[in-house]
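Take the sequence and the model side by side.

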Amino acid sequence: MHLYFTFADFLAGHFDCKMQKLSVNAGFSCPNRDGSKGRGGCTYCNNASFSPAYTRGLRSVTEQVEEGKRFFARKYPDMRYLAYFQSYTSTNTADLDRLMAMYDEACAVDGVDGVIIGTRPDCMPDALLDRLRSLPWVMVEYGAESAHDATLARINRCHTWADTADAVRRTHDAGIPCGLHLINGLPGEDEEMMLETVDAVNALPVDVVKFHQLQLLRGTRMAEDVERGLYDIIRYTPEEYARLCVRLLGRLRPDIAVERFVSQSPPELLIYPRWGLKNYQFTQLVINLLNHL
């Protein structure tokens, strides 16, 4: 029995085999970069930090998915797949026909059983939610980051927690599973504020959360702000951050699945933290602490 509800547990409730996400870059920008919401993007964001190499460049959805399949099929020949529209804001267009054509294209690839769509809570119209229900399986992930509007303003998110709550409720009402991304250690937040964000998540019909540590990345406004001494960030050791994750789990509603606790950016971009741990190694730190509670 797992010590907490994992993303694998969640997927096992929907599929009868092991599933792997394959990242897809749909070629959209972000409303926080193109001027429709703001300019410059979120202060912590360098999109190259989370886009696999095979998603870069002008390649079709099918080409990206097939290359992702080849990468994983070497180790797991019986794997089934979910196409993960990850980069920037994957619903950042009013052309819903274009969006649906891409999602349908991904689902038409052999071995792909559905899609996961990463987007912002202010970029999910009801008309798109209605059309998404035609897909074989779909889940929407919203970048929420924090429940504190002062923090969201500080990092230039250009949306509010009320936008997140509204998007989650509408997605749930459409019968679509919903996930949230949350960043721990954002400027100006202490651990009590991070726990308050979990409390706010618990009040919503959320299915999955992704926690990750704040990463200070080269080429971002946040890195420049820290270097100039405008503010600093909490610099956790792996053990300190693992203890925070245990506190967050203790507060999180037990039916909400946790997909991850950390994320990893390319070493050439990463200023902090440079822990030298793989995701599974950090997860084991958390499990060891849970086993000793």
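Which elements do the buried residues of H9 pack against? They pack against strand S5 (178-184), helix H7 (191-202), strand S6 (208-213), strand S8 (257-260) and H10. Before going further, some ground rules. This is a predicted model, in which local features need pLDDT of at least 70 and side-chain atom pairs count only at pLDDT 80 or more, while totals for chains, interfaces and linings use all residues. Residues are numbered from 1 along each chain as its sequence is written, and side-chain values use heavy atoms, with hydrogens and water left out.

Start with the whole chain. Its secondary structure comes to ten helices and nine strands. Helices (H or I, at least four residues) and strands (E, at least two) are DSSP runs, numbered from the N terminus. Of the 293 residues in the chain, 56% are buried. Buried means under 20% relative accessible area, exposed over 50%, and partly exposed in between (1.4 Å probe, protein chains only). Now take the contacts with a separation of 6 or more: residues 24 or more positions apart account for 78% of them. A contact means heavy atoms within 4.5 Å.

Back to H9, residues 238-251. This helix has 14 residues. From first C-alpha to last it reaches 20 Å, close to the 20 Å expected at 1.5 Å a residue. The expected span is 1.5 Å times one less than the number of residues in the helix. The buried residues of H9 are Pro-238, Tyr-241, Ala-242, Leu-244, Cys-245, Val-246, Leu-248 and Leu-249.

Look next at H7 against H9. Their axes come within 9 Å and cross at roughly 30°. Axes are lines fitted to C-alpha atoms, for helices over the stretch in contact, and angles run from 0 to 180 degrees between N-to-C directions. H7 and H9 are therefore roughly parallel to each other. The cut-offs are simple: angles under 35 degrees count as roughly parallel, over 145 as roughly antiparallel, 65 to 115 as roughly perpendicular and the rest as oblique. H7 passes H9 in a right-handed crossing. A crossing is right-handed if the near helix is turned clockwise from the far one by less than a right angle, and left-handed if anticlockwise. In H7, the residues that meet H9 include Leu-195 and Val-198. Their partners in H9 are Leu-244, Arg-247, Leu-248 and Arg-251.

H10 (residues 279-291) also packs on H9, at an angle of about 60° and with the axes 9 Å apart. This pair is therefore oblique. H9 passes H10 in a right-handed crossing.

Which residues of H10 are buried? They are Phe-282, Thr-283, Val-286 and Leu-290. They cover an arc of only 100° around the axis, which puts them on the same side of H10. The arc is that of the directions from the helix axis to the C-beta atoms. An α-helix has 3.6 residues a turn, so residues three or four places apart point the same way. The buried residues of H10 pack against H9.

With 13 residues, H2 should span 18 Å, and its end C-alpha atoms are 18 Å apart, which agrees.

Finally, the loops. The peptide bond from Tyr-272 to Pro-273 is cis, with omega near -10°. Pro-273 lies in the loop between strand S9 (270-272) and H10. Another loop, between helix H5 (149-154) and helix H6 (161-173), holds Asn-156. Asn-156 is not a glycine, yet has a positive phi of about 65°. Is Asn-156 buried or exposed? At 16% relative accessibility, Asn-156 counts as buried. Cys-158 is in the loop between H5 and H6, and has a positive phi of about 65° although it is not a glycine. Cys-158 is partly exposed, at 29% relative accessible area.
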